[in-house]
Amino acid sequence: MLMVPYREQDHAKLVAIWERAVRATHTFLEEHHILFYKKMVGEALEFKQVEVWEVLDTEQEPIGFIGLDNSFIEMLFVDEDFQGQGVGRFLVHQTMKMKGTELRVDVNEQNEDAARFYAKMGFVQTGRSELDSSGNPFPLLHLEMKRTGA
């Protein structure tokens, strides 16, 4: 696997990866929510509101991506055909090499697979919000990377 900075030519592919991943994992969202967030993600990528890194397969095609705001993981999505194959773990490890181990992320409480993934990666819950960042009633778990010894 190879991680590269956001490539504009992959914009539509990344939005499609986001949508497939969300439809597979965020079963609590209704269609209008998916369309709302899809627009937000598309704009965040297009207008470089976050630092985006892509994971490419052997054909140089994107199979996942991470969006960062300094050491905060704003988004991490893996194409549903590649989930469970180490792509997310690779993204987190590469991010730790770039940003250090003091990473933070918010995860939808209803997305239990993501919460388990981050727990396996060493994140611990530090808080909870009833609403997501858009004010919708999708509780968020606030997670931080567990600090390792000095």
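**Close-up views of a predicted model**

**View 1. The whole chain.** Read along the sequence, the protein chain runs β-α-α-β-β-β-α-β-α-β-β, giving four helices and seven strands. Helices (H or I, at least four residues) and strands (E, at least two) are DSSP runs, numbered from the N terminus. This is a predicted model, in which local features need pLDDT of at least 70 and side-chain atom pairs count only at pLDDT 80 or more, while totals for chains, interfaces and linings use all residues. Residues are numbered from 1 along each chain as its sequence is written, and side-chain values use heavy atoms, with hydrogens and water left out.

**View 2. Overall dimensions of the protein chain.** The C-alpha atoms fill a box of roughly 40 × 40 × 30 Å, taken along the principal axes. The radius of gyration of the protein chain is 15 Å, which agrees with the value near 15 Å for a compact globule of 150 residues; the radius is taken over C-alpha atoms, and the globule rule is 2.2 Å times the number of residues to the power 0.38. Of the 150 residues, 45% are buried (under 20% relative accessible area, with a 1.4 Å probe and protein chains only). Take contacts (heavy atoms within 4.5 Å) between residues at least 6 apart in sequence: 60% of them join residues at least 24 apart.

**View 3. The largest nonpolar core.** Here you can find 23 residues, of which Ile-73, Leu-76, Tyr-118 and Phe-123 touch the most other members. A nonpolar core is a set of buried Ala, Val, Leu, Ile, Met, Phe, Trp, Tyr and Cys residues joined through side-chain atoms within 4.5 Å. Elements giving two or more residues to this core include β3 (62-69), β4 (72-78) and α4 (112-120). Helix α3 provides the largest share, four residues.

View 4. A second, separate core has 20 residues, including Val-15, Ile-34, Ala-44 and Phe-77.

**View 5. Asp-10 in its loop.** Asp-10 lies in the loop between β1 (2-5) and α1 (11-25). At 2% relative accessibility, Asp-10 counts as buried. The side chain of Asp-10 makes a polar contact with the side chain of Arg-7 (2.6 Å). A polar contact is a pair of N or O atoms within 3.5 Å; within protein, one must be able to donate a hydrogen and the other to accept it, and residues adjacent in sequence count only if both atoms are side-chain atoms. Leaving aside neighbours within four places in sequence, Asp-10 is in contact with Glu-54, Leu-56 and Pro-62.

Note on methods. Buried means under 20% relative accessible area, exposed over 50%, partly exposed in between (1.4 Å probe, protein chains only).
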